[in-house]
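This briefing sets out selected features of the structure shown below. The points are grouped by topic and are meant to be read alongside the sequence and the model.

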Protein chains: 4
Amino acid sequence: MSKKLKIVTIGGGSSYTPELMEGFIDRADKLDIKELWLVDIEDGREKLEIVGAMAQRMVKAAGLDWEVKLTLDRREALKDADFVTTQFRVGLLDARVRDERIPGKYGLIGQETNGAGGIFKAFRTIPVILDIIKDMEELAPNAWLINFTNPAGMVTEAAIKVGGWKRTIGLCNVPVGSTKQNHEAMGYDEHDDKMFMKYAGLNHFHWHRVWDVDGTEVTDKIIDQLYHPESEFAKNKLKEVKNINPINYNYEQVKDLGILPCGYHRYYYITRDMLEENLENYKNHTTRAETVKQTEAELFELYKDPNLDYKPEQLTKRGGTHYSEAACELIASIHNDSRTVMVVSTENNGTITDLPYDCAVEVSSVITSHGAEPFNWGSFPPAARGPLQMMKAMEETVIEAAVTGDYNKALHAFNINPLITSGTYTKPMLDEMLVANKNYLPQFAEKIAELEANGVVYKPE
Amino acid sequence: MSKKLKIVTIGGGSSYTPELMEGFIDRADKLDIKELWLVDIEDGREKLEIVGAMAQRMVKAAGLDWEVKLTLDRREALKDADFVTTQFRVGLLDARVRDERIPGKYGLIGQETNGAGGIFKAFRTIPVILDIIKDMEELAPNAWLINFTNPAGMVTEAAIKVGGWKRTIGLCNVPVGSTKQNHEAMGYDEHDDKMFMKYAGLNHFHWHRVWDVDGTEVTDKIIDQLYHPESEFAKNKLKEVKNINPINYNYEQVKDLGILPCGYHRYYYITRDMLEENLENYKNHTTRAETVKQTEAELFELYKDPNLDYKPEQLTKRGGTHYSEAACELIASIHNDSRTVMVVSTENNGTITDLPYDCAVEVSSVITSHGAEPFNWGSFPPAARGPLQMMKAMEETVIEAAVTGDYNKALHAFNINPLITSGTYTKPMLDEMLVANKNYLPQFAEKIAELEANGVVYKPE
Amino acid sequence: MSKKLKIVTIGGGSSYTPELMEGFIDRADKLDIKELWLVDIEDGREKLEIVGAMAQRMVKAAGLDWEVKLTLDRREALKDADFVTTQFRVGLLDARVRDERIPGKYGLIGQETNGAGGIFKAFRTIPVILDIIKDMEELAPNAWLINFTNPAGMVTEAAIKVGGWKRTIGLCNVPVGSTKQNHEAMGYDEHDDKMFMKYAGLNHFHWHRVWDVDGTEVTDKIIDQLYHPESEFAKNKLKEVKNINPINYNYEQVKDLGILPCGYHRYYYITRDMLEENLENYKNHTTRAETVKQTEAELFELYKDPNLDYKPEQLTKRGGTHYSEAACELIASIHNDSRTVMVVSTENNGTITDLPYDCAVEVSSVITSHGAEPFNWGSFPPAARGPLQMMKAMEETVIEAAVTGDYNKALHAFNINPLITSGTYTKPMLDEMLVANKNYLPQFAEKIAELEANGVVYKPE
Amino acid sequence: MSKKLKIVTIGGGSSYTPELMEGFIDRADKLDIKELWLVDIEDGREKLEIVGAMAQRMVKAAGLDWEVKLTLDRREALKDADFVTTQFRVGLLDARVRDERIPGKYGLIGQETNGAGGIFKAFRTIPVILDIIKDMEELAPNAWLINFTNPAGMVTEAAIKVGGWKRTIGLCNVPVGSTKQNHEAMGYDEHDDKMFMKYAGLNHFHWHRVWDVDGTEVTDKIIDQLYHPESEFAKNKLKEVKNINPINYNYEQVKDLGILPCGYHRYYYITRDMLEENLENYKNHTTRAETVKQTEAELFELYKDPNLDYKPEQLTKRGGTHYSEAACELIASIHNDSRTVMVVSTENNGTITDLPYDCAVEVSSVITSHGAEPFNWGSFPPAARGPLQMMKAMEETVIEAAVTGDYNKALHAFNINPLITSGTYTKPMLDEMLVANKNYLPQFAEKIAELEANGVVYKPE
């Protein structure tokens, strides 16, 4: 803990920044910070200035001497950084609106990490993350890249496998939430961290097992608490869930599974129910992106208040609760070699034997000063293994299309994605999405020009 | 070729039997047959007598001294058999009608090897095949089991892995047809067998590569012939395809794939188009099962003609063309150690490294007197590997549910099947299908009784 | 920590027992012990009484109320046990003398865990451990089996894979020693446990990597400290090593290896040097077994002293230093769910992807109340992978021969063991060793009778 | 068979050339040859001229219009070649003498494909084969590289994996011989090729299974014929074996193995016996290399005879019998797409699942116009699997040292080679061998200079 830290946040103008600041401030005793840099692009200047000023107020109110710097010059910020966190959104929320509404038009689930929306978010984000890595190679060769930008699993895999940045760790708030929920389901306080949990899978597609403090496996008991149709716990608790729909799983299916699914498995295990809800939101213009846009506008109004120097309650509605907890905890654990157990996206290297050796997986790991050391998981039973292998193969195809700009591969990815019903209609949908995203997809520029020449246009409804 | 052969056909009352007979007769010089036994059950007695009489006429007309025996006593037939072929259909065509129409009611593709229909066909068939194996262990311990009963991949895997009958080989007519088609696409006669083809995958879910006689790989050239939107060959030929819809693939997707898909991949690669067509057939009562029922009725009328002693032209409309070619060729190849290259379902043993070692795969193999020796395939690129692994995992789950009668596993299989959109509605659909099939599912008897007690009924439309 | 513990030690009459007692006493605050049972067989009665009385004095001197019980009735002891530790030696030290001297006669390394000696120790021990497990199934179904009986890797694998006892953990003192040594080599105190080490391989055949507290990997630096011919550290420290010879490795080979070998790798990496030393000891009757016999006799003389109530200094000469540290620490960690990192033999399950899924490996693990959770390792570079795979395959062959009593397999194991030069002479050597061990090899009884009938005799020199 | 072939033989001055010529002449109806180029280096000019003239006489005597060209200009020869065969020996037979005698001095088996000798042959040969490939990329991009240069497995792997030349096939005469022997053992004529054999493993380290024409596996029966101590067949036949010693295996070990070993397994399965014999030859200056040198001198005397226009009987004593059969058959099979089954070294790609996907293996394959299509093998039982994995890992280490000139890796390879007893003495032995081979090891030039500066010299005895 000798060296004073320089931490850089790409996408610093995000509405999440106050939560991140709170996380750092809460760990001030474990993080000897010198500088916190908030970086954004020209389009995000206004938000950066608002939230950056607030971040400075928060640090001041906490009585800390950290320098909070705001900049549009990424390279200046990256110079000699120790940790780089990423929470940027290429194309801002308007891109997310398109990710959700264009698939909706074609009768599909639109979602920023799943389906066609998630694929396009990967297409926009992966080239940028690879650019950041190029800068880091030159300017911050020892820095850790802590990625929360979605789709976090694919972005992390691209950073490690394509970018070659081994010091990348991907993070997500989903396991933090379910760990709390599992403790509650077993009668512990949600702030307890007593039971041993082992997670494995992919980002937004993982499962876990739970053992009570006396060593008894309680996975099955928690399945009953959370998913039995008569469970009082389920009835009371599920309605609180934010980001994802509280529609419940087929209890019998989860019993057969024998391990605990994550919240995002709803998209795959009860697709038709989720689709109905998504199409309803599509019709009513209440998609997640549209809702979040409204929330964000309100948040930034709040952030403008020169007297606000703490994270406002309203931010918890935003959906990203626990992100800061995860990110700041991870940084503190690496910095202090504190051997905390966390669920992170990292290189597989055989942790899950059903998946390629060199892919990224999201697994329970011990966090050390040299990075994440995952617990071995091994293999899954067939009914979990198949969907897992399918998802990873789809992710690999998306990453390759994102890196190469190969149109045929993009169409192939569309037609094997479990949330995109395959068909001949996927080609016009892909074409429309490419054109709609033309400002953010340099790798597909030539194809997009050709499509436009052939009259393909983006038709928002 | 010393010993005179005893060949037994379970499901001998099938309308396919004349084709099988023709296949044997065409190979009379390679098959030193003593007895051909056609076995059926009481419900199939009438058909067995009609088609059996016709089989006897065909043998006689060919001037052969083979004894064609008809029986309802399976054990009598199996005694000392050398080859046992299976072409039975548990529940007859009415079961197939239900397999196709119940899913249709829930807005799904109903198909006898895919989706909910295929799962139920596996549930009905696997216990019977395991029973046959028990008889064979006792009565015909050295016999080869040649299975064409669908879903052929799952039935073969159950026979080998659960039944422990290593001398099982599964067969399908699809590769025979595509081999012919590929030759035509390259300007050869369809009866040529010059090019080298290597198939790998699962039954109704395989891909292949093709090399011309000079060693040049022509896979990509054939892709263009078959799937390019402007291909004259495709326009002319696709309309001839029988069993499966001639709707064409997304050309760009197949180009990225780089290997040739099989006809059944349409269900997975252009699902929405196939679904639309299926639902149209559902509405018009022109599902495959309903059409086949009509065709079969006509065929049996023909078969009754005491002067008919050759395979009538109308049988080719039935859809199973080339089955006899495949089955009789396989039997002759084993009998003569003739080292023919055929595409068969057999134990994986690492042939496809992406799949479990002990599962069944459908792969190009050299047929020897000790069985199939598959050509090594290795691994697939991600975009093919993922769907393949997904299918096999689903098959494993179905087989396990079929063997154990585990309801939770059956529901799990439903919800991971790529042609069944998952959802909470799958439980009532599964329940209705269980009740509708109650006469053929002893392994689920207890659960079905419980469902009926709870008021679940089968409601045909 | 609610329940009072019953701990059972099979082979309680061992000279190591005082060290084990010291380990328990040192952890009295973490182990709420009710009863400690020391079990031995009739042939070990005298030693059990001597060392058992001393154990009782030690507990009393520590002011603890634990009951130390001595018995020859294993089943009485096992009833409701929580932990069962095994430190027995079938055939006592005389068997070890034969394990070392017969191979010596044939010009080979004789060693109780390596070569022909290790194979015979496995042959004698595995049937007994499987017997103990049968008792445990009936009498102590929830107990943990903590095995230190050598060859610990093979015995652990047999317990888990053949005996089906999943709650088995194998232990060895070698990693404890090298962890200390690595700390010293980096300038830390040997009692520090600051650096992160990751071990993987098999018992007495593992490697490890080391990271300093700041996250820097120091494996290569430690290689230089320990194995560079000019290293002062090496010159001073290696001479202190007990059990195994301080002859140093080929420095260049270890540099290429890039990971730290264990002490026992000397048998494989500098075989000829080790062989020369072993043959010298053979000639001078100073083999390890003969030396230990002398030490043990002295120890038991000391133990008889009714005033001795603490572990005597002389025991550290015995060679098993740190065993108690490892065993007691493991028991306390399981009991308290304390998440200690330890190196243990456990099921592979893909931890080392180069080895069979279901074998036993020795790997760094987090100890929880439900057992060991290994850190994933993945694969080794070829030059380590090959010898590792060779050893495991040899172990599997030995285990199978030990369980079945298959003579051909035993001879096969002999001829692929890396420390037994293969040849036609191995058959007479195997025969002589079988006859020499006839009292302890019920599984080979028939073969031994046949050998004796053919005049094979054991000829000690 | 449209195009007239240009076939190039690197190392055309070899004493084997007449056998190769005979092979081509015997297949004149299947090989439409235009030019046969015999290439050698300046040091081999005399031998090239002698044997080249004889080759021309042989072609003429056969009444063929093939042009037999002799050249020292490899690039001229390679231009537009269709097939390139390699039978060169870097350093000529004197290098082989050193490969066998230096290890002998250190008490080891010296052998040109095994142990230290084989490693040095790889070190000398691999850089040359990679050079040839560079020329081929430029001059003959579609040519097949047919390698018989030893160590054939490692050279083939280097060509495919390092050189990237996918159209490489390695060949060996050992399987040809054992196929004949197995037919004889079963009472067939040695020229029959009726039984089905499946080989798998590495060059000089493979096993096989055999099925009789009726499909019965006869592997075990042949084991008894060849290896049972009382077998009359074994007594009569083993004495005829050329290249390798007729000392017999441990029968019981082979019975446990359950598959047929190759002749070279003697070095690994009865090492001590082989070592004794080798050391006897070393002492008497009758090592294989020394014997072959004498034979070769005699052969070249014969070849000088301007009337000799056929392969002289004496060549069969040379040891390489069947090489031409294998090589010419392979070339004819590729040229004619004749689907012959042959045993060749080719890319693994999962054929043997126990070995790395990208390594070279020697396996039964169907030879097509696009190359070798191996039969799938799968995995071996542990007692074969371990030694196989060990050998491949050693080969990989040797190849990497051969390509990089990494001294540490070379020493590592020495110490894990199953025929080199590891030890501290291996370093001086490696050093002496490096210095002895200094003219042929450009990749180790710097290290050799350093060794010489430190006084290391080659001391022949």
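**Backbone exceptions**

A:Leu92 counts as partly exposed, because 17 C-beta neighbours lie inside 10 Å, and a residue needs 20 or more to be buried. The model is predicted.

*Positive phi angles*

- Most residues other than glycine have a negative phi, and most peptide bonds are trans.
- A:Leu92 is not a glycine, yet its phi is positive, at about 55°.
- This leucine, A:Leu92, is placed in helix H4 of chain A, which covers residues 92-105.
- In chain D, D:Asn349 likewise has a positive phi, of about 50°, although it is not a glycine.
- D:Asn349 belongs to the loop that runs between strand S10 (340-347) and strand S11 (360-368) of chain D.

*Cis peptide bonds*

- In chain A, the peptide bond between A:Asn150 and A:Pro151 is cis, with omega at about -10°.
- A:Pro151 sits in the loop between strand S5 (144-147) and helix H6 (152-162) of chain A.
- In chain B, a cis peptide bond links B:Asn150 to B:Pro151, and omega is about -10°.
- The loop that holds B:Pro151 lies between strand S5 (144-147) and helix H6 (152-162) of chain B.

**Helix H4 of chain D**

*Length and surroundings*

- H4(D) has 14 residues, which at 1.5 Å a residue should span 20 Å; the C-alpha atoms at its ends are 21 Å apart, in agreement with that expectation.
- Ten of the 14 residues of H4(D) are buried, so the helix is largely enclosed by the rest of the structure.
- The buried residues of H4(D) include the charged residues D:Arg96, D:Arg98, D:Asp99, D:Glu100 and D:Arg101.
- D:Ala95, D:Val97, D:Ile102, D:Pro103 and D:Gly104 are also among the buried residues of H4(D).
- The cover over these buried residues includes H5, helix H12 (271-283), helix H13 (288-303) and helix H17 (426-436) of chain D.
- Just after H4(D), D:Gly107 has a positive phi of about 80°.

*Packing against H5*

- The axes of H4 (residues 92-105) and H5 (residues 115-139) of chain D come within 8 Å and cross at roughly 145°.
- This crossing of H4(D) and H5(D) is right-handed.
- On the H4(D) side, the contact is made by D:Ala95, D:Asp99, D:Glu100 and D:Pro103.
- By class, four residues of the contact between H4(D) and H5(D) are nonpolar, two are polar and four are charged.

**A three-stranded sheet in chain B**

- Strands of a sheet pair through backbone hydrogen bonds, either parallel or antiparallel.
- Three strands of chain B make an open sheet in the order S7-S8-S9, and their pairing is antiparallel.
- Strand S7 (196-202) and strand S9 (260-261) of chain B are at the edges with a single partner strand each, so one side of each has no neighbour in the sheet.
- How many bridges join S7(B) to strand S8 of chain B? Seven bridges do so, between S7(B) and residues 205-211 of S8.
- Across this pair, B:Tyr199 stands opposite B:His208 in S8(B).

**Contacts between chains**

*Chain A with chain B*

- The contact joins 38 residues of chain A to 38 residues of chain B.
- Elements of chain A that each give two or more residues to this side include helix H10 (251-257), helix H12 (271-283) and helix H16 (407-416).
- H15(A) provides the largest share of the side of chain A that touches chain B, with twelve residues.
- By class, that side of chain A has 14 nonpolar, 14 polar and ten charged residues.

*Chain B with chain D*

- Here, 22 residues from chain B and 22 residues from chain D take part.
- S7, strand S11 (360-368) and strand S12 (371-374) of chain B each supply at least two residues of the side that touches chain D.
- The side of chain B that touches chain D has six nonpolar, eleven polar and five charged residues.

*Chain pairs without contact*

- Chain B and chain C do not touch, and their nearest C-alpha atoms are 13 Å apart.
- Chain A and chain D have no contact, and their closest C-alpha atoms lie 13 Å apart.

Conventions:
Residues are numbered from 1 along each chain as its sequence is written. Chains are lettered from A and ligands numbered from 1 in the order in which they are written. This is a predicted model: local features need pLDDT of at least 70, side-chain atom pairs count only at pLDDT 80 or more; totals for chains, interfaces and linings use all residues. Two strands pair if DSSP finds at least two bridges between them. Helices (H or I, at least four residues) and strands (E, at least two) are DSSP runs, numbered from the N terminus. Two residues are in contact if their C-beta atoms, placed from the backbone, lie within 7 Å. A residue is buried if 20 or more other C-beta atoms lie within 10 Å of its own, exposed if 12 or fewer, and partly exposed in between; C-beta atoms are placed from the backbone. Axes are lines fitted to C-alpha atoms, for helices over the stretch in contact, and angles run from 0 to 180 degrees between N-to-C directions. A crossing is left-handed if the near helix is turned anticlockwise from the far one by less than a right angle, and right-handed if clockwise. The expected span of a helix is 1.5 Å times one less than its number of residues.
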